[in-house]
Amino acid sequence: MTVQPTQGGANTIAAGRLWAGGAATAVVAALIALVGILLARGVFGVPVLAPKGEGTWGDADTAKYAFYCALGALVATGLLHLLLISTPRPLKFFRWIIGLATVAAALAPFVANGTTSSKIATGVINLAVGIAIGTLLSGAARAAVRAGRAGR
């Protein structure tokens, strides 16, 4: 979506709507992380974020990981808000930034210690979280931006 002001008007950003979308995205991101960990540990027996002895739910790192995914969504919302008020074609820049950050997050586990299965599972979870953040926030931005009208 290209957001351009109409002649004589400016775009209006419904910040409350954008941040409500960001908060909802944060909840979704945390739940994707939680479900991903439960699936990896409980169904496939892959020790993600904790040794196998910690069980399906893992340890405190599971909650911390979900929290950081939610925090990432809120940081992305702040970035999106900044782009919407300051850059031309803000959603194009946002998609590139989120896309590259998602690729980096998906590849990051492969430079750390751990089993290959744990690295793959963590990379897939990171990829799913990044895709969700990017798509949900892009939709929230489209709903929160309205082109201005001349004479308003």
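**View 1. Alanine 104 is partly exposed in helix α3.** Its relative accessible area is 45%, where partly exposed lies between buried, under 20%, and exposed, over 50% (1.4 Å probe, protein chains only). Alanine 104 sits in helix α3; helices here are DSSP runs of H or I of at least four residues, numbered from the N terminus. In sequence, alanine 104 and glycine 130 are 26 residues apart. In space, their C-alpha atoms are 9.9 Å apart.

The model is predicted: local features need pLDDT of at least 70, side-chain atom pairs count only at pLDDT 80 or more, and totals for chains, interfaces and linings use all residues. Residues are numbered from 1 along each chain as its sequence is written, and side-chain values use heavy atoms, with hydrogens and water left out.

**View 2. Threonine 102 is buried in helix α3.** Its relative accessible area is 8%. Threonine 102 touches Asn126, Leu127, Gly130 and Ile131, leaving aside residues up to four places away in sequence. Contact means heavy atoms within 4.5 Å.

**View 3. Helix α3 has buried and exposed residues.** Pro90, Leu91, Phe94, Ile98, Thr102 and Ala106 are buried. They cover an arc of only 115° around the axis, so they lie on the same side of α3. The arc is taken from the directions from the helix axis to the C-beta atoms. On the other side of α3, Trp96, Leu100 and Leu107 are exposed.

**View 4. The span of helix α3 agrees with expectation.** The helix covers residues 90-107, which is 18 residues. At 1.5 Å a residue, it should span 26 Å. That expected span is 1.5 Å times one less than the number of residues. The end C-alpha atoms are 26 Å apart.

How values were computed: Helices (H or I, at least four residues) and strands (E, at least two) are DSSP runs, numbered from the N terminus.
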